[in-house]
Amino acid sequence: MPAFLNWPTEENLSRLSADSGVPIDRLRWISCSPKTGDQATFRGQAVSMGLVKGQVGVRTVCPPCLAESPHHRSYWDLTHVEACPMHAVGLVWACAYPACGRRLGWQGADLTRCRCGADLTQAPCSPIDPDLLDGTMAVHGLLGDQRFAAQAEQALSAVPLRDLRPVEAVEFIIRVGLDIAPGVERKKLFSLEHAMMLDDPPYVALHLGLQAAHQWPETFLHIPEIIQAKRSPSSSIAHARWERAVQRWLGGIETGRGIAIREALETTALRRLEREAALGS
Ligand SMILES: [Zn+2]
Ligand SMILES: [Zn+2]
């Protein structure tokens, strides 16, 4: 059985282009490219590996999208986007037919059907309050989806995101959102570590991350307390660990950018030192 993967190689793409007549650049634009180091390419932009699924053999779909046009959407392969902002529904990853229930894969000749023959365009999906999808819409727009260009522009007007590249703004929204969303403490703070530890679906984290950017810097300055509340309340180790993680991420951004985030981080470091001094005296 061949390994079906959502990461076409250049060879796959040129063959597909020759067979389908679709220009190879267009195919590249709608595909995740194989990783190089810890980066992947999504819609022509370099992104962290943690942003794209790159799973073997499994796929996720939006049934109403499939009903409109029977093709796979590249954004279904984003790690932290598990909702369709066009239809305000959660994405579907398993067959709803009780006798089947399998994870959706790539087998078969028809993207609109499960292997058992169930029609995925009619698969039940859960509606989502559109107000909670603002973060997801901003992420789509920032990653180049023109239907959400206005939301991307609005996100980039938030103080901490103003001097970031769109892909960096996406990462900031997700990393902050995952840190502040209710759930158990994640092993790696300020990371793209998958959202399995959260109480709510990932779109809620994206919503909170975008809110934190707009409520700058209040929510960001409270992240250490939010993180500490998820574990032993008095420990300042998590606070220092979170600061180091943000520093590391900022290390990948030129010094002239991420200014507001660097300044806010200095504030939280100062507060930590003051608290430690007060405890020590
Ligand atoms: Zn959809
Ligand atoms: Zn099925």
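**Notebook: salt bridges, zinc site, backbone**

I looked up Arg257 and found that it counts as buried, at 15% relative accessibility. By the cut-offs I used, buried means under 20% relative accessible area, exposed means over 50%, and partly exposed lies in between, with a 1.4 Å probe and protein chains only.

Conventions. This is a predicted model, in which local features need pLDDT of at least 70 and side-chain atom pairs count only at pLDDT 80 or more, while totals for chains, interfaces and linings use all residues. Residues are numbered from 1 along each chain as its sequence is written, chains are lettered from A and ligands numbered from 1 in the order in which they are written, and side-chain values use heavy atoms, with hydrogens and water left out.

**Entry: salt bridges**

I counted a salt bridge wherever a side-chain nitrogen of Lys or Arg is within 4 Å of a carboxyl oxygen of Asp or Glu. The structure holds twelve of them. Side chains of opposite charge can pair when their charged atoms come close.

Arg257 pairs with Glu254, and their closest N and O atoms are 2.1 Å apart. Glu254 is partly exposed at 41% relative accessibility.

Next I checked Arg272 and Glu276, whose side chains meet in a salt bridge at 3.3 Å, N to O. Both residues sit in helix α10 (residues 259-280), four residues apart, which is about one turn of the helix. Helices here are DSSP runs of H or I with at least four residues, strands are runs of E with at least two, and both are numbered from the N terminus. Arg272 is buried at 14% relative accessibility, whereas Glu276 is partly exposed at 31%. I also noted that salt bridges with shared partners join Arg165, Glu168, Glu254 and Arg257 into one network.

Arg113 and Asp110 form a salt bridge as well, at 3.9 Å from N to O. Arg113 is partly exposed, with a relative accessible area of 36%. Asp110 is also partly exposed, at 34%.

**Entry: zinc ion**

Which atoms coordinate the zinc ion (ligand 1)? I found Cys62 (SG), Cys65 (SG), Cys84 (SG) and His87 (ND1), at 2.1 to 2.3 Å. Donors are N, O and S atoms within 2.8 Å of the metal (3.2 Å for Na, K and Ca), and since water is not among the atoms, sites may look incomplete.

The four donor atoms subtend angles of 104 to 113 degrees, so the arrangement is tetrahedral. Four donors count as tetrahedral if all angles lie between 85 and 135 degrees; four count as square planar and six as octahedral if opposite donors are over 155 degrees apart and all others between 65 and 115; anything else is irregular.

Along the chain, the donors follow the spacing C-x2-C-x18-C-x2-H.

**Entry: backbone**

I checked Ala88 and found a positive phi of about 50 degrees, although it is not a glycine. Ala88 lies in the loop between β4 (83-84) and β5 (89-90). At 15% relative accessibility, Ala88 is buried.

Phe190 is not a glycine either, yet its phi is positive, at about 45 degrees. I located Phe190 in the loop between α6 (166-180) and α7. Phe190 is buried, with a relative accessible area of 1%.

Where is there a cis peptide bond? It joins Trp216 and Pro217, with omega at about -5 degrees. Pro217 falls in the loop between α7 (202-214) and α8 (218-229).
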